[in-house]
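Me: I am new to this structure and would like a close look at a single part of it. Please take me through that part slowly.

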Amino acid sequence: MSELGPDSVLRLAPGCRLSAAGESDGESEDLLLIPEGALRLKGPARAIVELCDGQRAMREIAEELKRRYPSADALRIETEVGALLARLRDQGVLEAV
Amino acid sequence: MIYTPRALIAEITHSCPLHCVYCSNPLELQRRSAELSTEDWISIFQQARELGVLQLHLTGGEPLSRSDLTELVRAGRKAHLYVNLITSGVGLDGARLDQLIEAGLDHIQLSFQDTEEGSANEFAGTRSHALKLRVAGAIRERRIAFTINLVVHRRNVDRLGEMLTFAEHSGAQRLEIAHVQYYGWALRNREALLPTREQLDRSMEILEAARERLKGRLRIDFVLPDYYAKYPKPCMNGWGHQQILIDPAGRVLPCHAASVIPGLEFSSARERPLRWIWEESPAFNRFRDESWMPEPCRSCDRRTRDFGGCRCQAFLLAGDAAATDPVCTLAPTHTIVEETLRRVNGSDSRSWVYRIDPA
């Protein structure tokens with residue numbers, strides 16, 4: 001499996017999708033539905049996964065997050081976006097295009 | 001403790017074109033005339049979602065043998081469920097597959113009985129292998145999540161290497177290698193199906209190596225034959241903890257084998273709200289906490305991990321659903337399992353019996 005880098009473009013793998021708004025009725029969590037069950041997405045994780053649209057590169061996703069969270073540490077955003085996406089790719093939830 | 005069900009296993013029919021020698025469905029199958037209607041199922045899906053269910057597994061029998069399958073898939077999605085079809089593939093062609101995908105099907109699990117056509121057809125009790133290969137081809141051409149399921153046993157586990165190669169090139173993202181579990185019809189054929197210890201050990205080595213080799217390309221899950229395990233499996237992750245199974249006639253069960261347990265009354269989704277059955281019914285509460293546990297479970301550190309094992313297996317092997325699962329090496333009844341393994345490891349394979357379809 002190739003290493004992910006700032007230019008990698010990701011999208012959700014077949015059989016993986018975010019629960020639509022309102023689907024998690026009553027629950028404060030966002031869910032990523034996958035063949036084996038569901039993953040809970042905490043904090044900005046849902047927004048990051050949504051940005052994996054098969055168009056944006058990882059660099060652009062990090063930039064977008066920095067715009068949305070201007071007071072957060074930029075380097076930390078880059079590290080955390082990279083770590084989340086690598087983990088989801090290793091789990092087969094995201095695929096590189 | 002409040003439990004939230006996460007998966008609904010909907011056995012929409014017991015009718016099946018295959019007659020697998022290891023079928024784990026109950027000995028008494030529900031007839032077609034007793035099956036729930038489309039509307040019944042749609043109501044059940046909505047009730048399940050309200051209870052917290054996220055995943056819907058449409059299974060059987062062969063779910064494709066119901067003509068309203070596309071409608072059920074659509075209703076599942078409409079109820080905000082993740083919809084998985086568990087199928088033999090018999091009855092599926094490109095056009096029907098397109099309909100199911102269009103209706104919102106999220107995932108397909110296709111079964112194979114072997115990689116060798118003659119044996120595959122023999123185990124399935126029907127000539128289905130060539131057709132399954134065509135179905136796998138049709139799935140591969142479409143963008144839908146695809147898992148291959150291969151049930152392994154004494155007569156085919158030596159071809160595990162070939163099975164892995166087959167799965168690797170099938171287009172599936174995931175492979176499930178499941179050793180036969182001895183419930184329903186499979187228990188009748190147990191001595192013809194249980195692998196030897198040598199076969200099991202070899203299969204583990206092959207699987208571990210393949211997992212490493214195929215990392216990132218094919219995910220491999222496997223189910224071990226619990227007869228050889230040291231401790232029991234956490235059956236269904238606990239009785240009435242996470243899953244609901246509804247049989248073709250609407251009977252609501254904690255698992256697909258539970259109807260064998262005498263003295264438990266399983267309510268029908270036709271007569272009671274699903275919430276009442278899940279939360280209040282005596283059957284769902286019978287083995288839910290730890291109060292039923294005998295020793296050695298009661299004081300065992302593993303009780304929160306394996307929940308004393310499988311209640312159905314305890315009944316089937318030891319005659320008491322409230323006994324420690326006899327596969328546990330700590331169980332007082334473990335000798336039953338040891339004797340079976342001694343016979344299996346010391347003799348040639350026996351012949352098996354085929355089951356017939358319900359009317």
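At what angle do helix 1 of chain B and helix 2 of chain B pack, and how far apart are their axes?

Reply: This is a predicted model, in which local features need pLDDT of at least 70 and side-chain atom pairs count only at pLDDT 80 or more, while totals for chains, interfaces and linings use all residues. Residues are numbered from 1 along each chain as its sequence is written, and chains are lettered from A and ligands numbered from 1 in the order in which they are written.

Helix 1 (residues 38-51) and helix 2 (residues 69-78) of chain B pack at an angle of about 20°, and their axes are 9 Å apart. Helices here are DSSP runs of H or I with at least four residues, and strands are runs of E with at least two, numbered from the N terminus. Axes are lines fitted to C-alpha atoms, for helices over the stretch in contact, with angles running from 0 to 180 degrees between N-to-C directions. The two helices of chain B are therefore roughly parallel to each other, a term for angles under 35 degrees. The crossing of helix 1 with helix 2 of chain B is right-handed, meaning that the near helix is turned clockwise from the far one.

From helix 1 of chain B, Thr38(B), Trp41(B), Ile42(B) and Phe45(B) meet Glu71(B), Leu72(B), Ala75(B) and Gly76(B) of helix 2, where contact requires C-beta atoms, placed from the backbone, to lie within 7 Å. By class, this contact has five nonpolar, two polar and one charged residues; Ala, Val, Leu, Ile, Met, Phe, Trp, Tyr, Cys and Pro count as nonpolar, Asp, Glu, Lys and Arg as charged, and the others, Gly among them, as polar.

Terms used
Parallel < 35°, antiparallel > 145°, perpendicular 65-115°, else oblique. Contact = placed C-beta atoms within 7 Å.
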